[in-house]
Protein chains: 2
Amino acid sequence: MTQRLLHLNAFLMSTGHHEASWRLPESDPYASVDLAHYRELARIAERGTFDSLFLADGPVLFSDVGQRPSGVLEPLTLLTALATATEHIGLIATASTSYNSPYNLARRLASLDHVSGGRAGWNIVTTAGSEAARNFGLDAEPVHASRYERAADFLDVALKLWDSWEDDLIVADKAAGVWGDARKLHPPRHRGPYFSVEGALNVPRSPQGYPLLVQAGSSENGKRFAARYAEAVFTAQQTLGDAQDFYADLKSRTAREGRDPGHIKVLPGIVPVVGSTEAEALRDARVLEEHIVYEHGLNRLEHLLNLPSGTLDLDAGLPADLPPDSAVEGSRSRYALVVELAERERLTVRELIGRLGGGRGHLTFAGTPEQVADTIEEWFRQGAADGFNIMPAVLPSGLGRFVDHVVPILRARGLFRTEYGPRQTLRERYGLPRPANQYASALA
Amino acid sequence: MTQRLLHLNAFLMSTGHHEASWRLPESDPYASVDLAHYRELARIAERGTFDSLFLADGPVLFSDVGQRPSGVLEPLTLLTALATATEHIGLIATASTSYNSPYNLARRLASLDHVSGGRAGWNIVTTAGSEAARNFGLDAEPVHASRYERAADFLDVALKLWDSWEDDLIVADKAAGVWGDARKLHPPRHRGPYFSVEGALNVPRSPQGYPLLVQAGSSENGKRFAARYAEAVFTAQQTLGDAQDFYADLKSRTAREGRDPGHIKVLPGIVPVVGSTEAEALRDARVLEEHIVYEHGLNRLEHLLNLPSGTLDLDAGLPADLPPDSAVEGSRSRYALVVELAERERLTVRELIGRLGGGRGHLTFAGTPEQVADTIEEWFRQGAADGFNIMPAVLPSGLGRFVDHVVPILRARGLFRTEYGPRQTLRERYGLPRPANQYASALA
């Protein structure tokens with residue numbers, strides 16, 4: 001039996017995941033729309049034999065342009081450009097089920113899968129927030145539950161579209177003038193609660209059949225959805241215990257859906273600040289914290305907690321009378337995590353903003369390469385993770401340090417691949433089967 | 001004053017524009033989803049210093065998979081992959097205003113413009129046909145006029161989104177912690193008949209400001225739309241006289257919209273079959289015609305003419321009692337062109353299918369490189385064209401022959417560039433200005 005190996009995903013974000021990263025002397029404040037910047041990140045990640053690259057997304061201008069780099073490239077576009085600049089690494093793009101049409105998005109993902117030779121992944125999001133809704137003709141966002149109902153209908157259509165061509169439809173009989181076997185084409189004729197889609201996709205079935213299906217919502221609705229559809233899950237967990245609980249819960253939910261729990265990979269996010277000594281790492285982390293503009297953090301925290309502007313005091317704790325998370329229509333799991341973090345560690349609002357500035361609720365960790373590798377190994381061996389979503393505080397330098405100093409330790413410990421080996425699809429790299437075609441016929 | 005130069009666009013289509021091209025021994029019937037095939041085409045076109053590459057599109061599986069290669073890659077995805085494999089050539093993707101949301105499409109086009117260094121173009125189509133409508137939850141297609149009203153509203157929103165960031169918004173003041181000047185951000189707050197879009201784009205203004213705006217509908221509604229918005233127009237014209245009329249009409253309509261008629265480039269399609277002698281060219285054209293499956297052509301012609309299956313007789317002419325083109329809800333200009341072609345040249349249905357097989361109504365032309373160059377020069381000098389949309393019958397060989405044998409003649413005659421020179425945006429290459437920002441403020 002081969003040893004179980006870690007999976008590592010590089011979560012790319014302009015100058016880094018720390019909100020103040022753009023202010024460091026080394027950072028290019030125009031990086032977010034610079035293809036060369038992302039090409040360099042992709043090359044570093046491939047040097048580190050990462051499984052995949054990942055880009056978050058929402059169809060909205062999230063942050064105040066006065067505060068920090070705000071414009072980005074649309075993820076499927078950027079990852080398609082990176083597909084031709086890379087050879088092995090997977091390309092996971094976030095796209096919303098609330099603000100796309102299944103026919104269009106299924107086409108684009110299948111096309112990226114063809115163009116990349118089977119390296120496409122889709123991080124399925126439902127997109128919280130009324131700001132996004134108002135960019136699509138809606139006055140307010142759809143309620144939390146109905147967003148997930150729509151997502152399920154969207155997935156059902158998308159899977160039908162990706163299966164609408166059987167793998168061996170094309171016969172290419174030039175002499176007879178017959179290109180394909182029309183009996184192997186299966187128009188979905190889907191009539192669901194949200195979507196009606198009649199015709200077959202206009203893209204042949206792609207190398208992976210479906211792109212790798214990824215999900216990142218950790219609310220009750222999110223976990224139910226993940227157990228049913230997802231093959232990899234990004235999650236924000238602050239403690240080993242919480243991560244173990246989440247891991248066990250998701251694996252057992254997946255089994256209850258009749259799926260192999262080995263076919264859903266749990267990847268907590270980690271924001272590593274790696275130094276050659278612990279003191280150096282802590283100094284780097286402190287420099288980042290000193291560059292935070294706290295008034296901006298205050299505004300964002302009030303927004304996340306659904307509080308009127310001016311409610312919070314930087315040098316006090318969170319108020320005791322916060323609404324329950326079931327009242328939140330946005331990101332419920334993030335809301336709960338932030339409130340718990342503040343309570344557990346009795347943080348002032350200022351301290352909380354400092355902690356969130358690094359990773360927006362993900363585990364932030366400053367230390368030596370060995371210390372980072374120890375944490376990764378501990379979580380991996382103790383049932384908390386199948387791998388990690390690496391979110392460097394500063395890019396590209398933080399990814400470079402992780403690849404050059406942490407990855408060699410993980411390799412030496414036999415926890416991570418030392419080379420890519422023969423070309424594989426993204427799904428193969430994550431140890432997942434190629435999905436059978438739901439319409440596969442018994443035709444000769 | 002510099003001499004007026006031709007513009008050449010390479011219209012790419014799997015194994016070529018002739019419907020039987022895939023059946024030739026040289027053709028790869030899997031080419032339509034093969035990135036390497038398109039990379040080769042792009043390299044040939046760049047060798048020929050073409051202005052741009054172009055891909056047609058509809059969000060629907062158009063043709064019968066039994067008859068000919070039917071699956072394709074989504075154009076913006078494919079052109080994004082080609083952006084990183086090319087350096088100079090423009091990338092014009094077709095996308096529908098009927099089946100996209102302005103926020104999503106504006107983002108994708110701006111992102112391609114960033115990724116390509118200002119080489120993105122958008123061929124704006126309204127998408128005829130109920131088959132497409134049924135892939136998007138509609139029972140039937142929107143009527144012809146309302147499709148164009150929606151397109152106009154779509155353009156108005158898209159232009160506002162592309163202008164929502166002033167060019168100099170980003171200040172990147174690291175010391176002060178100020179990334180951008182929020183006063184230079186202009187959320188559209190658009191409330192139109194079809195679209196409501198509140199917020200600013202989440203992509204900074206792109207190198208070209210807007211992608212090159214291209215249009216290809218030649219109906220009355222299409223021409224009105226082109227005169228208002230388009231900077232380049234693809235058109236199917238069978239005779240010099242018709243092409244001159246179209247050219248003059250479109251230029252004067254553009255002037256009446258208050259625009260410079262030099263800022264709309266008219267590019268008729270031409271399907272050249274180039275041989276080293278006229279006999280060789282005619283033989284190649286005949287080989288292609290012999291590979292047409294006429295029953296398939298019959299079905300498609302009946303569909304285009306809105307006739308019940310079985311109406312047409314291969315060895316007779318078109319029936320005299322065809323409905324007027326105003327009764328057609330699909331491609332009106334193509335309908336009229338086909339009927340006129342059959343009448344003018346007294347073609348049987350079989351002959352008509354043979355003519356359409358090559359270029360679906362575009363000018364097909366078999367001859368020596370000199371003869372092809374003569375026709376191009378004649379149309380260019382006699383007020384029928386600013387350039388051409390080159391649609392090789394067979395790909396890649398037909399594009400290679402055009403580049404290696406026709407382009408040198410055009411260059412020798414001083415009609416076409418001999419090299420790209422310094423890097424230019426697509427808009428600069430077509431001699432068009434970068435659009436001013438409609439919100440540009442007088443802020444210091």
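In the second largest cavity, α3 of chain A and β3 (90–96) of chain B each supply at least two residues of the lining. Helices (H or I, at least four residues) and strands (E, at least two) are DSSP runs, numbered from the N terminus. The model is predicted: local features need pLDDT of at least 70, side-chain atom pairs count only at pLDDT 80 or more, and totals for chains, interfaces and linings use all residues. Residues are numbered from 1 along each chain as its sequence is written, chains are lettered from A and ligands numbered from 1 in the order in which they are written, and side-chain values use heavy atoms, with hydrogens and water left out.

**Cavities**

Over the whole structure, a search finds six cavities of 30 Å³ or more. A cavity here is a set of points, on a 1 Å grid over the protein atoms alone, where a 1.4 Å probe fits but cannot get out; lining residues have an atom within 4 Å of a point. Grid points are joined across faces, edges and corners, and a volume is the space filled by probe spheres set on the points. The table gives the volume and lining classes of two cavities. Ala, Val, Leu, Ile, Met, Phe, Trp, Tyr, Cys and Pro count as nonpolar, Asp, Glu, Lys and Arg as charged, and the others, Gly among them, as polar.

| Cavity | Volume | Lining residues by class |
|---|---|---|
| Largest cavity | about 130 Å³ | four nonpolar, four polar, five charged |
| Second largest cavity | about 110 Å³ | three nonpolar, four polar, five charged |

Of the 13 residues that line the largest cavity, A:Glu74, A:Asn100, A:Arg108, B:Asn104 and B:Arg107 are the closest to its centre. Two or more residues of this lining come from each of β3 (90–96) and α3 (102–115) of chain A and α3 of chain B. The lining of the second largest cavity also draws on both chains, including A:Asn104, A:Arg107 and A:Arg108 from chain A, and B:Asp57, B:Glu74, B:Tyr99 and B:Arg108 from chain B.

**Interface between the chains**

Two residues named in that lining, A:Arg107 and B:Asp57, also meet through their side chains in a salt bridge (2.7 Å, N to O). A salt bridge is a side-chain nitrogen of Lys or Arg within 4 Å of a carboxyl oxygen of Asp or Glu. Two salt bridges are counted between chain B and chain A. There are also 36 residue pairs in polar contact between these chains, both residues at pLDDT 80 or more. A polar contact is a pair of N or O atoms within 3.5 Å; within protein, one must be able to donate a hydrogen and the other to accept it, and residues adjacent in sequence count only if both atoms are side-chain atoms.

On the side of chain B that touches chain A, α1 (35–47), α2 (75–83), α3 (102–115), β5 (170–173), β6 (178–180) and β8 (196–197) of chain B each supply at least two residues. The largest share, eight residues, comes from α3(B). By class, this side has 36 nonpolar, 22 polar and 13 charged residues.

In total, 71 residues of chain B are in contact (heavy atoms within 4.5 Å) with 71 residues of chain A. The area buried between chain B and chain A is about 5,600 Å², and carbon and sulfur atoms give 61% of it. Buried area is the accessible area (1.4 Å probe) that two parts lose on being put together, summed over both. B:Val65, B:Lys174 and B:Trp179 supply 14% of the area that chain B buries against chain A, more than any other three residues.

**Local features**

Most residues other than glycine have a negative phi, and most peptide bonds are trans. B:Ser14 has a positive phi of about 20 degrees and sits in the loop between β1 (7–11) and α1 of chain B. A cis peptide bond joins A:Leu395 and A:Pro396, with omega about 5 degrees. In chain B, the peptide bond from B:Leu395 to B:Pro396 is cis, with omega near 5 degrees.

A:Pro396 lies in the loop between β13 (387–390) and α13 (397–412) of chain A. A:Glu26 and A:Pro396 are 370 residues apart in sequence and 9.4 Å apart in space, C-alpha to C-alpha. The side chains of A:Glu26 and A:Ser397 are joined by a polar contact of 2.6 Å.

Conventions. 1 Å grid on protein atoms, 1.4 Å probe; cavity = no way out; pocket = protein on both sides within 12 Å on 5 of 7 lines; lining within 4 Å.
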